[in-house]
Amino acid sequence: MKSLKIFLLAGILVASCTNDPVEEQDSWPVDFDALVALNCRAIELRKARFATADSLRLDMDSIKASMNQSDFEKYQNDFETRKNALLSESNALADTIRLRMKGVMSDLGPDRKRVFNDSLQATLKREGCE
Amino acid sequence: MKRILTLAIAALIISGCAKDDEPTVQETPTKSAAAKTYDADFMIDYFSLQCDIVRNTNGFLPTIAARGYGYLGVTAYESVVHGIPNGQSLAGQIQGMSAGSLPLPSADLKYDWALVSNKAMADMMRYMFGVNLNPDDAILIDNMEANTKAQLSAGVDADVIARSEQFGADLADAIYQVSKTDGGDESYLNPWQTPWEVPEADYCWIPTDLQLQPLSPDWMNNRSFIANIAEDTQIGAHIPYSSDPQSEFYAAAMEVYNQVNNNTPEQVTITEYWADDPFQTCTPTGHTFNILKQLLAESGATLEKTAVAFGMMGVAENDAFISCWKSKYDYMLIRPVSYIQEHIDPDFTTVIGTPPFPAFISGHSAEIGAGIKVMIDLFADAQGNYTFTDISQQQYGFTPRNFDNFYDLANECALSRFYGGIHFTMDNDKGLELGIAVGDAVVNELTWPKNIQ
């Protein structure tokens with residue numbers, strides 16, 4: 001009987017330790033859902049920036065070969081317009097995220113920061129933002 | 001009479017032993033509060049603004065940006081040093097800034113070091129971005145200066161405010177005058193330093209995109225903050241160039257080729273994380289300053305430690321780039337992408353774009369090597385152990401990265417350039433070596449305040 005109790009107690013302890021390490025969102029000093037949404041958009045914009053940069057870098061030879069000077073200049077101008085639009089939204093969003101993260105991080109110790117970030121990343125992943 | 005003679009002789013001996021260029025140790029004016037009694041948020045905010053404006057301003061490419069951060073860091077330090085017990089000015093310690101060349105506060109008058117700093121940093125930013133400063137960004141600086149002043153002035157006497165601001169303005173002007181003779185003044189107007197004839201040889205750098213001239217080919221001739229740093233920290237030659245498939249050089253290129261074609265998703269993430277970002281980077285120096293800002297904010301550093309940290313990092317980054325650029329243009333080595341397309345696979349592409357300057361040594365590796373030595377001195381033990389999460393890129397859509405050691409951080413930054421196909425392994429290894437040597441010199445050869453908070 002005694003060994004059964006010890007076994008059960010050990011089982012409860014193990015079960016309590018293997019719970020999802022992601023903390024309840026309510027425990028963080030920030031609107032977690034809003035932060036997830038902001039980060040998700042920032043990830044989308046980051047991907048768009050890299051894709052836009054790659055579109056010029058990887059296709060440069062074919063673009064130049066297929067266009068005369070005037071068309072190429074127009075292409076470059078269009079590229080700049082797309083780039084600037086992306087940058088404008090990215091910069092505004094970056095300021096918002098930076099300020100919110102600053103508020104959160106100043107309240108947490110190193111270990112809690114990691115737990116917070118892990119929680120945020122896990123949520124982003126669950127929502128398809130990677 | 002004998003005593004007077006003895007005293008006179010002793011005085012002569014002492015004065016004869018003093019160096020001409022003795023650094024300035026200014027006693028804190030006793031009426032002023034110590035720097036460690038001030039909050040540092042505003043100073044960190046200035047470096048955030050610096051990052052934003054570097055990103056927006058024409059001509060602020062990695063070399064030029066490092067110099068801009070360098071002088072802003074020196075200004076941050078000098079604006080506060082007289083509020084640090086036994087703080088020693090960089091005047092008399094760094095090149096171009098002789099002892100007594102900077103204005104000094106009056107020992108019997110009261111200053112507010114935060115207001116001094118607010119004025120000095122705003123002015124220095126205007127000086128550094130110069131005629132390329134966008135009107136919108138000029139307004140941002142004006143607003144930051146005005147808002148910070150409004151916050152800091154509460155309860156401060158009008159004469160102290162005026163005196164502090166005047167001292168800050170005089171200080172920024174004096175440091176700007178120093179900067180004008182270092183070889184990099186207004187370099188944003190011609191970052192390619194044209195006309196410059198690109199040498200031609202099999203081993204030589206060739207353009208990797210539309211940019212036909214390499215960046216800042218004469219940067220090595222700029223005056224560094226630490227004397228002879230570029231010469232003293234050079235790390236020797238790269239593997240001898242060869243197109244022979246049996247050669248060590250070919251093997252180094254094959255190593256890049258195989259890495260890029262077999263990158264894991266995590267390695268691609270690391271590449272992009274440290275890239276820093278197409279269109280949106282405030283350059284590698286900016287990324288390192290962003291990490292430093294985070295470390296200072298999270299550790300609750302006062303204005304005292306924050307100013308010292310920015311001063312140290314400013315010197316380190318400026319000098320790391322000068323020394324790194326000496327290696328780049330002494331060797332003019334071809335980039336992996338150009339070599340691989342010529343000798344291994346014409347269809348090879350890198351993970352990210354290759355920047356327009358020679359390969360050997362890696363700029364990222366050099367600057368982060370210098371940067372972590374400063375961070376270790378300020379935050380870690382001698383082995384570099386320190387637990388933190390780098391959230392500096394989260395604002396740009398990157399996942400934060402966890403580190404327990406600053407050397408691990410530097411190695412990851414260096415490796416990112418290999419994963420990306422931007423650099424040979426030797427560029428990174430030697431770059432780190434050079435950067436760490438620069439960082440060691442900054443920490444050990446200059447006298448910085450100790451036991452700071």
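**Ground rules.** I worked on a predicted model, where local features need pLDDT of at least 70, side-chain atom pairs count only at pLDDT 80 or more, and totals for chains, interfaces and linings use all residues. Residues are numbered from 1 along each chain as written, chains are lettered from A and ligands numbered from 1 in the order written, and side-chain values use heavy atoms, without hydrogens and water.

**Entry 1: the interface.** I looked up who takes part. Chain B gives 32 residues and chain A gives 34 residues to the contact (heavy atoms within 4.5 Å). About 2800 Å² is buried between chain B and chain A, and carbon and sulfur atoms give 54% of that area (accessible area, 1.4 Å probe, lost on being put together, summed over both parts). In chain B, the most area is lost by B:Leu210, B:Phe279 and B:Gln395, together 25% of what that side buries.

**Entry 2: charges.** I found four salt bridges between chain B and chain A (a side-chain nitrogen of Lys or Arg within 4 Å of a carboxyl oxygen of Asp or Glu). B:Glu272 and A:Arg46 form a salt bridge at 3.8 Å, N to O. The charged end of A:Arg46 also sits over the ring of B:Phe398, 4.9 Å from its centre (NZ of Lys or CZ of Arg within 6 Å of the ring centre and within 35 degrees of the ring normal).

**Entry 3: burial.** I checked two residues of chain B. B:Tyr77 is buried at 0% relative accessibility, and B:Trp448 is buried at 4% (buried is under 20% relative accessible area, exposed over 50%, partly exposed in between, with a 1.4 Å probe and protein chains only).

Definitions and conventions: Buried area = accessible area lost by both parts, 1.4 Å probe.
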